[in-house]
Amino acid sequence: MFFRKGQPIFAQGDRSDAVFFVQAGLVKLSARSQGGKRTTIDIFGEEDFVGKDSIAGQPIRTASANALTDYQVLRIEKKTMMLALAREVTLSSTLCAFLLARNIRYQQDLVDQRCNPSEKRLASILLLYAHFDGQSSPEIVVQKINHETLAEMVGTTWSRVCFFMKKFKDAGFIDYKLNNQNLRVRRSLLTFYAQ
């Protein structure tokens with residue numbers, strides 16, 4: 001299935017009947033509280049699974065998934081996915097590793113939210129988004145995420161994110177490239193985050 005930027009894959013409250021495998025592009029997972037406040041939970045890219053609540057027994061979606069960029073996904077019905085997981089050890093192991101890694105990351109995000117100032121949380125999200133593991137090249141170019149989405153992920157305001165992004169740019173940690181469509185994240189941001 002091919003979707004354009006901004007198109008929804010599913011909405012919070014929809015029937016949870018399939019899981020999606022991202023083949024290309026970026027997908028934003030967000031949720032709205034009972035009070036109406038919306039937050040970005042995660043951003044998924046190529047080879048990530050979205051809509052895992054369907055295989056966890058949730059009858060309805062607990063979050064919404066929308067395209068941050070044009071993207072392509074493979075829709076896998078819940079019943080088909082459950083059969084494939086039972087029969088295919090490699091698929092089952094891959095999904096299990098993905099879920100465990102995401103769970104660990106969500107725990108780290110929670111600690112970050114409680115213990116680190118918003119500037120360091122933004123640095124952490126940018127490093128995560130650029131897939132910096134300390135071993136990769138000195139800089140990585142990724143598609144730019146708007147400041148509003150970053151603010152939701154950090155748990156701060158749009159204006160604070162703008163301020164920090166300018167500060168990171170002035171320090172040479174990041175750079176906007178190619179008509180403001182891409183973001184270059186430099187490894188030196190790791191040293192700032194580690195302080």
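In this predicted model, F3 has Y71 as its bridge partner in β8. F3 belongs to strand β1, residues 2-3. Two bridges join β1 to β8, and the two strands run antiparallel.

That pairing is part of an open sheet of four strands. The order is β1-β8-β3-β6, with antiparallel pairing. β1 and β6 stand at the edges. Each has a single partner strand, so one side of each is left without a neighbour in the sheet. Strands of a sheet pair through backbone hydrogen bonds, either parallel or antiparallel.

β3 covers residues 18-24 and β8 covers residues 71-77. Six bridges join them, and they run antiparallel. Within this pairing, F21 has L74 in β8 as its bridge partner. β3 also pairs with β6, residues 49-50, through two bridges. The sense is again antiparallel. Here F20 stands opposite V50 in β6. In a regular strand the side chains alternate between the two faces of the sheet.

E47 lies in the loop between β5 (38-44) and β6. Its phi is near 70 degrees, a positive value in a residue other than glycine. Most residues other than glycine have a negative phi. Is E47 buried or exposed? Its relative accessible area is 61%. The cut-off for exposed is over 50%, so E47 counts as exposed.

Strand β4, residues 27-32, is joined to β7 by four bridges. β4 and β7 run antiparallel as well. V27 stands opposite A67 in β7.

Now to the helices. α1 lies across β3, β6 and β8. It runs at about 80 degrees to β8. α1 covers residues 78-87, and α2 covers residues 89-115. The two helices pack at an angle of about 105 degrees, with their axes 5 Å apart. Angles of 65 to 115 degrees count as roughly perpendicular, and α1 and α2 therefore fall in that class. Which residues of α1 meet α2? They are M81, A84, L85 and R87. On the α2 side, the residues are V89, L91, S92 and L95. By class, this contact has six nonpolar, one polar and one charged residues. An α-helix has 3.6 residues a turn, so residues three or four places apart point the same way.

α3 covers residues 118-129. Its length can be checked simply. At 1.5 Å a residue, its twelve residues should span 16 Å. The end C-alpha atoms are 16 Å apart, which agrees. How many of the twelve residues of α3 are buried? Eleven are, so the helix is largely enclosed by the rest of the structure. The buried set includes charged residues such as E119, K120 and R121. It also includes L122, I125, L126 and Y129. Just after α3, H131 takes a positive phi of about 60 degrees.

A three-strand sheet comes next. The strands form an open sheet in the order β9-β11-β10, with antiparallel pairing. The edge strands are β9 (139-143) and β10 (174-177), and each pairs on one side only. The twist averages 25 degrees from one strand to the next. Five bridges join β9 to β11, residues 182-186. In that pairing, E139 has R186 in β11 as its bridge partner. What packs on this sheet? α3 does, touching β9, β10 and β11. The direction of α3 makes about 105 degrees with that of β11.

The last stop is K169, found in helix α5, residues 158-170. At 39% relative accessibility, K169 counts as partly exposed. Leaving out residues up to four places away in sequence, K169 touches I174, D175 and Y176. I174 lies in the range of β10, residues 174-177. K169 and F98 are 71 residues apart along the chain, and their C-alpha atoms are separated by 32 Å.

How values were computed
Residues are numbered from 1 along each chain as its sequence is written. Side-chain values use heavy atoms; hydrogens and water are left out. Two strands pair if DSSP finds at least two bridges between them. The expected span of a helix is 1.5 Å times one less than its number of residues. Buried means under 20% relative accessible area, exposed over 50%, partly exposed in between (1.4 Å probe, protein chains only). Axes are lines fitted to C-alpha atoms, for helices over the stretch in contact, and angles run from 0 to 180 degrees between N-to-C directions. Angles under 35 degrees count as roughly parallel, over 145 as roughly antiparallel, 65 to 115 as roughly perpendicular and the rest as oblique. Contact means heavy atoms within 4.5 Å.
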